[in-house]
Amino acid sequence: MVEWEFKRAVPTRCGGWEVKPLDNDQLERLRSYQMSLEEAKDSKISNPVFSKYHVRSCVVSSDKTRSRGGNIEYGLCQALHGEESVVVSFRDSHQGAFFSHPGVLGLIAGAPGNPATPCGNCRDILLDEFGTDFEVVSGAGEGGLALVVKFEDYLFDRFEKINQRDLADWINIKDLESLIKQGRRLEDIPYFDGKVHPERRYFAVVTGKNGKQYVGASEGLVDYHTNYALRDALRTMRKEGGFMPSDVIIIGESESNTPPHVMYKDRQHLLERIDRGIPLSGFGPELDVSVTLINVNPEKFSVVSAWQTSAREWLPMPFTPANLGSELNAHLKEYDEGKRALFDISDS
Ligand SMILES: [Zn+2]
């Protein structure tokens, strides 16, 4: 039997984590942690045809039902992740009804001592399907140190509220009406009626290093693989030759006193762009980008409420190219330098 030593990983600012002993509640769940990794290890679902990086998963629920998953790659470097497929398998094990609580999600991937860093899209599906009250344990197939992370530690919504009188210092609001009208024109979400999760509708404005502003809006497709607004703005920036954002504004058209809910998939795409831009721009790996979230009155175009965070703060323990190790990062740098030599990519 493979032996794992279980400890807890707790996120620190700027994407890092600290390893701590399990607390007393967690010590009572040792059997579930061990069971989730043993079952995940035996999963035969993963089929990573491009990356060859196997992620094997298993949820052990409160009634000790085990549901397995794994990553499946297809198309052109597309993937159904191990966290997504295990959600399907969990529903199947419970006949679609969530009468049993998803207690522990075990993941077998990588080397011992690395906590799981679920991608933004997986955080979105796990949040919606499993809620926040479960844990993710990550271990290597050969055993060794396995780290337990509370799922809520992968989430962040404790944004700092900005006083109305300080708003002018944070954002240039004189063009707000024009930016919102651009967002409305670009937005294409005919399958979204605004009744379920209205707070997830937002526009994104990315300012490039050249000072230009790029507006993005969500694009919903009949296959329900929506392209989100922040990703759209970053893509527009790249189309115009930029590669590094300098700040981001998220705009919700709402009188609400809670900020727009920016999908974790979108947060990840922002951080991926920053981490890809760092080797070319000469900034250090700690470079961060300010994010301001505002709610705007849709008739008056006046700011109702505003919050402040950053690209690293709102995505704890992220999955970005920086996680891939030195060999793959050297490849990415060489790839990007090659592109820059051939094309006009010049905004830093
Ligand atoms: Zn994922």
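At what angle do helix α3 and helix α4 pack, and how far apart are their axes? The legends below begin with that pair. The model is predicted; local features need pLDDT of at least 70, side-chain atom pairs count only at pLDDT 80 or more, and totals for chains, interfaces and linings use all residues. Residues are numbered from 1 along each chain as its sequence is written.

**View 1. Helix α3 against helix α4.** Helix α3 (residues 82-93) packs on helix α4 (residues 120-130) at about 25°, with the axes 9 Å apart. Axes are lines fitted to C-alpha atoms, for helices over the stretch in contact; angles run from 0 to 180 degrees between N-to-C directions. Helices (H or I, at least four residues) and strands (E, at least two) are DSSP runs, numbered from the N terminus. The two helices are therefore roughly parallel. Angles under 35 degrees count as roughly parallel, over 145 as roughly antiparallel, 65 to 115 as roughly perpendicular and the rest as oblique. The crossing of α3 and α4 is left-handed: the near helix is turned anticlockwise from the far one by less than a right angle, whereas clockwise is right-handed. From α3 come Glu83, Glu84 and Val87; from α4 come Cys122, Ile125, Leu126 and Glu129. Contact means C-beta atoms, placed from the backbone, within 7 Å. By class, this contact has four nonpolar, no polar and three charged residues. Ala, Val, Leu, Ile, Met, Phe, Trp, Tyr, Cys and Pro count as nonpolar, Asp, Glu, Lys and Arg as charged, and the others, Gly among them, as polar.

**View 2. Helix α4 against helix α8.** Here the axes come within 6 Å and cross at roughly 165°. That makes α4 roughly antiparallel to α8. Their crossing is right-handed. Gly120, Asn121, Arg123 and Asp124 of α4 meet Tyr264, Lys265, Asp266, Arg267 and Gln268 of α8. The contact divides into one nonpolar, three polar and five charged residues.

**View 3. The largest nonpolar core.** This core has 37 residues; Ala204, Val205, Leu230, Ala233, Ile250 and Ile251 touch the most other members. Elements giving two or more residues include β11 (203-208), α7 (229-239), β13 (245-253) and α8 (264-281). Helix α7 gives the most, with five residues. A nonpolar core is a set of buried Ala, Val, Leu, Ile, Met, Phe, Trp, Tyr and Cys residues joined through C-beta atoms within 7 Å. Buried means 20 or more other C-beta atoms within 10 Å of the residue's own, exposed 12 or fewer, and partly exposed in between, with C-beta atoms placed from the backbone. Leaving aside neighbours within four places in sequence, Ala204 contacts Gly216, Ala229, Leu230, Ala233, Val248 and Ile250. Apart from this core lies another, of 30 residues, among them Tyr33, Val87, Val104 and Val137.

**View 4. Serine 67 in strand β4.** Strand β4 spans residues 66-70. Serine 67 is buried, with 24 other C-beta atoms within 10 Å. Valine 86 is 19 residues from serine 67 in sequence and 6.4 Å away in space, C-alpha to C-alpha. Beyond four places in sequence, serine 67 contacts Cys58, Val59, Val86, Ser89, Phe90 and Ser93.

**View 5. Positive phi at lysine 52 and histidine 197.** Lysine 52 is not a glycine, yet its phi is about 60°. Lysine 52 sits in the loop between α2 (30-41) and β3 (56-60). With 7 C-beta neighbours inside 10 Å, lysine 52 counts as exposed. Histidine 197 has phi near 50°. Its loop runs between α6 (176-186) and β11. Histidine 197 is exposed, with 11 C-beta neighbours inside 10 Å.

Key
Contact = placed C-beta atoms within 7 Å.
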